[in-house]
Amino acid sequence: MQTKTIKQKMRSVQNIGKITKAMEMISVSKMKKSVQKRTASQSFADRSFELLENLHVHKNLTHPYLETRKGNKILLVIIASNKGLCGGYNMNVSKQVTQFKNEHTNFTIDAIAVGKQSEKIARRNDINVIASFNELSDYYTSGEVRSVLKTITDTYDNDDNYQSVVVAYTQFVSSLSFDATVTPFIPLKVDVAQKLAHIEADTNSKRKFALYSFEPDEQSVLNAAVPAVLMTVIYQLLLESLASEHSARVMAMRNASDNASDMYDELKLNFNRARQAAITQEISEIVGGSSAVS
Amino acid sequence: MSDKQLQLTVATPLAEVYKEMVDQITVTTANGEITILPDHVPLVVPLDLGQVMVKKGNHEEFLSIEGGILEVRHTHDVVILSNRADNVSKLDIQTAEDAYQRAKDLMQEKLDPNETEYAALEKKMAYELNKVKIASRRGQRR
């Protein structure tokens, strides 16, 4: 029976639609939560950056993580998802990694992977993975972020050949758009020129900035401030990627649900046609039979 | 008290814990307690695990912080950046002690000091104990 197989197909398509719809809704709530977390940490990030700028500009202090280093190696942190089914999310990160690698052919690139897919990305691009984190919890606890950061800084500290640390992540623009990018992480870029221009314009604040006093001394304050800034930066990057991942999944699941409902409609049409054909055939058989008898 | 006030912001990576206009702030630094009043000289100082006492008129509020950095700006802005902070003004001793006990139990389950989690738990326990201390000290004041 043809109608029976169509009916079976309809049922399975309907079920798939239900599942993708549910996944979409879960991802919507997860996306909202990660965006909210990112916003919550924004204040801390802004303020620690301001502090660092103030320190850097006015006292001309230096710190290992603010200095540019010479070397032939780059440490690349790749942030991607643990799970699939999120459209082009991981593919876009992968493209950026490939591009970065092609632009830096005279450097040796090592990778730290966050998320199972990152490992695959690194392998696909023929990059050596020195550490990977794929058992992190849903929204990253501070302990987890700290251990990621520690792995990065330890690797950077223990090998002078590392020229810099960069992060491949996905910037969250809105729930409909996100960009995969590669951004420098260490050495920290404090926009001195811009800050100085800002102070020149406001001589009054320049005078006041000069009055900054430090306890116990400038260097130890800076030593405390730099890790805090690094921590917030990596936390923000992780959360941005997370928000992007979920919104990518929302979009992928919405498309899947739409496709499922289209497919269902088409199958229903086919089913009705097949049923009608069967009825017509039956009637014509009866009519044919009776006319043959009479 | 002058009509000048300080804008205090206490921020952690997880959230902005406190943001209000206050008259006076007392914090614990590595070298002892200091009190910030309006028109204080711009200052940057690392903080220890301890309490932040905030005065608004005759009203006092207490915050618990796990170290961090205090920055006094020339614009009457005071910023405290910390890994962990809570407003404990409304916290009673019992709740604080329960939280401390939980942290302690958790730590005892993981007795291996080589585990990475251990250090984090130890910190958490010290922080919860700090909250208990602040809550009980406040109880005596009243």
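A: Start with charge. There are 0 salt bridges between chain A and chain B. A salt bridge here needs a side-chain nitrogen of Lys or Arg within 4 Å of a carboxyl oxygen of Asp or Glu.

Some ground rules. The model is predicted, so local features need pLDDT of at least 70 and side-chain atom pairs count only at pLDDT 80 or more, while totals for chains, interfaces and linings use all residues. Residues are numbered from 1 along each chain as its sequence is written, chains are lettered from A and ligands numbered from 1 in the order in which they are written, and side-chain values use heavy atoms, with hydrogens and water left out.

Polar contacts across the interface come next. The count is 1 residue pair, both at pLDDT 80 or more. The criterion is a pair of N or O atoms within 3.5 Å; within protein, one must be able to donate a hydrogen and the other to accept it, and residues adjacent in sequence count only if both atoms are side-chain atoms.

Now the extent. In chain A, 23 residues are in contact with 25 residues of chain B, contact meaning heavy atoms within 4.5 Å. The two chains bury about 2300 Å² between them, 62% of it on carbon and sulfur atoms. Buried area is the accessible area (1.4 Å probe) that two parts lose on being put together, summed over both. On the chain A side, Phe44(A), Arg47(A) and Glu215(A) lose the most area to chain B, together 29% of what that side buries.

Which elements of chain A give two or more residues to this side? They are helix H1 (2-59), helix H6 (203-209), strand S6 (213-214) and helix H7 (218-293). Helices (H or I, at least four residues) and strands (E, at least two) are DSSP runs, numbered from the N terminus. H1(A) gives the most, with 9 residues. By type, the chain A side divides into 12 nonpolar, 6 polar and 5 charged residues. Ala, Val, Leu, Ile, Met, Phe, Trp, Tyr, Cys and Pro count as nonpolar, Asp, Glu, Lys and Arg as charged, and the others, Gly among them, as polar.

S6(A) runs parallel to strand S5 (residues 43-56) of chain B, joined by 2 bridges. Pairing requires that DSSP finds at least two bridges between two strands. Ser213(A) has Leu43(B) as its bridge partner in S5(B).

Within chain B, strand S1 (residues 6-11) and strand S2 (residues 16-22) pair in the antiparallel sense over 6 bridges. Leu6(B) stands opposite Val22(B). A hairpin of 4 residues joins S1(B) to S2(B).

Back to charge. The whole structure has 13 salt bridges over all chains. One of them joins the side chains of Arg69(A) and Asp160(A), at 3.9 Å, N to O. This pair links distant parts of the chain: Arg69(A) is in the loop between H1 and S1 of chain A, and Asp160(A) in the loop between H4 and strand S4 (162-172), 91 residues apart.

Ile186(A) and Pro187(A) are joined by a cis peptide bond, with omega about 0°. Pro187(A) sits in the loop between strand S5 (178-186) and helix H5 (192-201) of chain A.
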